[in-house]
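Notebook open, one chain to go through.

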Amino acid sequence: MRETSVKLLKIFRNLILLFLCIAGCTGLFLLGQGYVVCQNALSEEPLEKKIEAVREDRNYTSIGDLPEMYKDAVLAVEDHRFYEHHGIDPIGIGRALLHDLRTWSLEEGGSTITQQTAKNLYFSQEKEIRRKAAELWMAFEMEKVLSKDTILELYVNTIYFGDGYYGIGEAAGGYFGKSPGELTDSEAVLLAGITNAPSAYALSGHADRAIRRQQQVLDRMVACGYLGGAEAETLIWDPVSDPIK
């Protein structure tokens, strides 16, 4: 009986080692494919030219013209270690991986602001593993040549806000008839939450969902130390007193 148990343990151990070997080889293969996709994208349009094209938009907003409340909200809800990591966040990736393994999905990717900016600039929104690998390589490329403030600036100018609005400039003007610098603190936090799921939180048809999302953003801001609990309670958007345009 003991001899049989030992044999079974050896078989189990060998199967685990085989699985890890296959997983490692597959991971390296996908990373290699992602690198090729990244380099092809850069050869077709270098990063400098891509950034130049984005900045030509008349609604482009520099980081100096963004409300501090909006920047804090974006960092809190999207990537609160943004100024600490170098393009990827191992902690965020690990948390997302555990979630996706539990749910057998690709719901969470652990993407940093840098990765999301790479996706916005170069890649599709499709949740595909090779594209995610290319996104990682592009994030490294961006972090090598761009400052954190520039990456954050590019992010808020390329993200989708629902209702056909791309970038914080279009969203602030389209929803509230204001420039980003004129947004109230409540409006700024509200807009920071919409980009998580623009079709679900677009203000034209889902204001109630957007307000619930805003509460999540405020909770996150409190947890990250950007706001106190009492202050957060005063920032819930009221569509009656502050209607969209």
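Before counting, I note that helices here are DSSP runs of H or I with at least four residues, and strands are runs of E with at least two. The model is a predicted one. With that rule I get 12 helices and 0 strands in the protein.

Next I looked up burial and surface. Of the 245 residues, 42% count as buried. The accessible surface comes to about 13,500 Å², and carbon and sulfur atoms hold 58% of that. I also checked contacts: among those with a separation of 6 or more, 64% join residues 24 or more positions apart.

Nonpolar side chains tend to be buried together in soluble globular proteins. The largest nonpolar core in this model has 57 residues, and Tyr70, Met138, Tyr175, Leu191 and Met221 touch the most other members. Helix α3, residues 68-78, gives this core its largest share, with 7 residues.

Leaving out residues up to four places away in sequence, Met221 touches Met69, Asp72, Ala73, Ala76, Val189, Tyr226 and Leu227.

Last, the cysteines. How many disulfides does a search of the whole structure find? I get 0. For the record, a pair of cysteine sulfur atoms has to lie within 2.5 Å to count.

Note on methods:
Residues numbered from 1 in each chain as written. Predicted model: local features only at pLDDT ≥ 70, side-chain atom pairs only at ≥ 80, totals over all residues. Heavy atoms only, no water. Core = buried A, V, L, I, M, F, W, Y, C linked by side-chain atoms within 4.5 Å. Buried < 20%, exposed > 50% of the residue type's maximum accessible area, 1.4 Å probe, protein only. Contact = heavy atoms within 4.5 Å. Areas by Shrake-Rupley, 256 points an atom, 1.4 Å probe, with all protein chains shown as cover.
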